[in-house]
Amino acid sequence: MKNLGNMLKQAQQMQSKMQEMQAKLEAATMEGQAGAGMVKVTLSGKGDLKGLSIDPSLMAAEEREVLEDLIVAAHADAKQKVEAMMAEEMSKATSGLNIPGMGGGLGGFKLPF
């Protein structure tokens, strides 16, 4: 029974840390850039698009395809940063927890966010 009590305590700690992490992600923003900063995309910590900045020199009709490519590249840059931040926060949230079957952390489990 002592083991079960410890497992429940650790599960509650993990739940608390996960809630803190989700609140932190909601408040965080990451900026991705492309074209030496000519296109900037801002994403929330959850990956929602929050802003887009385009240098006026790219607004010419003949630059349309370049602009489209730069927007996609800036979004990919911002998304990679959000994913790295999420991984770091997840690592912090699960560090020190020794829940059987989770390998001291998530042990390969994939969460839905």
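**Strands, helix and surface**

Modeller: In E3, Ser 53 is the bridge partner of Lys 40. The model is predicted: local features need pLDDT of at least 70, side-chain atom pairs count only at pLDDT 80 or more, and totals for chains, interfaces and linings use all residues. Residues are numbered from 1 along each chain as its sequence is written, and side-chain values use heavy atoms, leaving out hydrogens and water.

Colleague: What makes strand E2 and strand E3 a pair?

Modeller: Two strands pair if DSSP finds at least two bridges between them. E2 (residues 39-44) and E3 (residues 49-54) have 5 bridges, in the antiparallel sense. So they pair. Strands are DSSP runs of E, at least two residues; helices are runs of H or I, at least four; both are numbered from the N terminus.

Colleague: What lies between E2 and E3?

Modeller: They form a hairpin with 4 residues between them. Gly 47 in the turn has a positive phi of about 95°.

Colleague: How do you know that the span of helix H2 agrees with its length?

Modeller: The expected span is 1.5 Å times one less than the number of residues. H2 (residues 64-94) has 31 residues, so it should span 45 Å. Its end C-alpha atoms are 45 Å apart, which agrees.

Colleague: Why is Leu 4 called partly exposed?

Modeller: Buried means under 20% relative accessible area and exposed means over 50%, with partly exposed in between (1.4 Å probe, protein chains only). Leu 4 has 42%, so it is partly exposed. Leu 4 sits in helix H1 (residues 2-27).

Colleague: Which residues of H2 are buried?

Modeller: Among them are Leu 67, Leu 70 and Ala 74.
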